[in-house]
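User: I have a model open and would like to learn how to read it. Could you walk me through it, one feature at a time?

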Amino acid sequence: ALAQAKAQGYAEADPTADVEGYDAAAKAALLSSLAFHTQLRGDQVYREGITEITPDDILAAHDMDCVVKLLAVCQAGPDGISARVHPALVPATHPLGSVSGAFNAVFIEAREAGRLMFLGPGAGGSPTASAVMGDLVTVARNL
C-alpha cells in the first residue's frame with residue numbers, strides 16, 4: 001500500500017512522518033489549539049504509528065466488521081485537553097470507516113451540533129498547493 005501511495009504521489013519519499021503519526025500529531029495539536037482555545041504542541045500529543053500493524057491485524061479487524069485507522073483524537077474533559085494519535089479499530093459502519101485513499105476526515109461530536117464530518121483530499125500535489133496558498137493568504141492578511 002505504501003509503495004502504491006508513493007507511486008501515486010500521495011506519500012512522501014520518506015513516509016516516516018505519516019506512518020509513525022508525527023504528521024497527525026502536529027495536526028491534532030493544531031486542531032486542539034483551535035477547537036479548545038489552548039496552546040498544544042505536537043510533542044505534547046501521545047503518538048503511536050502504524051508500523052506494528054500486521055496483515056493478520058487487518059484480517060482480524062475485517063472479521064469483526066471493522067477497519068484499522070490511524071486516528072488523531074482530541075478531547076476536552078474534566079481533567080483538561082487531551083490529544084493522542086494511535087491505530088484504532090473503527091466499525092465499518094461508522095462514517096470514518098469509509099474514508100479511504102488519500103482522503104482525510106475530521107469527525108466532530110458536539111453537544112449543540114451533534115455529529116459532523118468534514119472530508120477532503122489530504123495528499124497529493126493539488127491539495128498541498130491549495131493548503132500552501134491558503135497559508136500565504138492568511139500571512140498576507142495578517143501583515
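This is a predicted model: local features need pLDDT of at least 70, side-chain atom pairs count only at pLDDT 80 or more; totals for chains, interfaces and linings use all residues.

User: Where does Ser-32 sit, and which residues is it in contact with?

Analyst: Ser-32 belongs to helix H3, which covers residues 22-36. Setting aside neighbours within four places in sequence, Ser-32 is in contact with His-37, Thr-38, Leu-40, Cys-74, Ile-81 and Ala-83.

User: How should I read helix H3 as a whole? Which of its residues are buried?

Analyst: Here is the general idea. An α-helix has 3.6 residues a turn, so residues three or four places apart point the same way. Now the case here: the buried residues in H3 are Ala-24, Ala-25, Ala-28, Ala-29, Ser-32 and Ser-33. E2 and E3 are included in what covers them. As for its length, H3 has 15 residues and reaches 21 Å from its first C-alpha to its last, close to the 21 Å expected at 1.5 Å a residue.

User: What follows H3?

Analyst: His-37 does, and its phi is positive, near 50°, although His-37 is not a glycine. This residue is found in the loop between H3 and E1. Its relative accessibility is 74%, so His-37 counts as exposed. Asp-65 is another residue to look at: it has a positive phi of about 60° and is not a glycine. Asp-65 is in the loop between H4 and E2, and at 47% relative accessibility it counts as partly exposed.

User: Let's turn to the sheet. What is the order of its strands?

Analyst: First, the general idea. Strands of a sheet pair through backbone hydrogen bonds, either parallel or antiparallel. In this model, an open sheet of 3 strands has the order E1-E3-E2, with mixed pairing. The edge strands are E1 (46-47) and E2 (66-77), each of which pairs on one side only. E2 and E3 (residues 80-91) run antiparallel and are joined by 12 bridges. To find your way along that pair, look for Cys-74, which stands opposite Ala-83 in E3.

User: Which helix lies across E2 and E3?

Analyst: That is helix H4 (residues 55-63), running at about 80° to E2.

User: Which residues make up the largest nonpolar core?

Analyst: It has 8 residues: Ala-24, Ala-25, Ala-28, Ala-29, Leu-40, Val-45, Ala-83 and Val-85. H3 and E3 each supply at least two residues of this core, and H3 gives the most, with 4 residues. Apart from it lies another core, of 6 residues, including Ala-88, Val-90, Leu-96 and Val-99.

User: One last residue. Is His-86 buried or exposed?

Analyst: His-86 lies in strand E3, and at 17% relative accessibility it counts as buried. The side chain of His-86 makes a polar contact with the side chain of Arg-84, at 3.2 Å. Not counting residues up to four places away in sequence, His-86 touches Tyr-46, Glu-48, Lys-69, Leu-70, Leu-71 and Val-73.

Key. Residues are numbered from 1 along each chain as its sequence is written. Side-chain values use heavy atoms; hydrogens and water are left out. Contact means heavy atoms within 4.5 Å. Two strands pair if DSSP finds at least two bridges between them. Axes are lines fitted to C-alpha atoms, for helices over the stretch in contact, and angles run from 0 to 180 degrees between N-to-C directions. A nonpolar core is a set of buried Ala, Val, Leu, Ile, Met, Phe, Trp, Tyr and Cys residues joined through side-chain atoms within 4.5 Å. Buried means under 20% relative accessible area, exposed over 50%, partly exposed in between (1.4 Å probe, protein chains only). A polar contact is a pair of N or O atoms within 3.5 Å; within protein, one must be able to donate a hydrogen and the other to accept it, and residues adjacent in sequence count only if both atoms are side-chain atoms. The expected span of a helix is 1.5 Å times one less than its number of residues.
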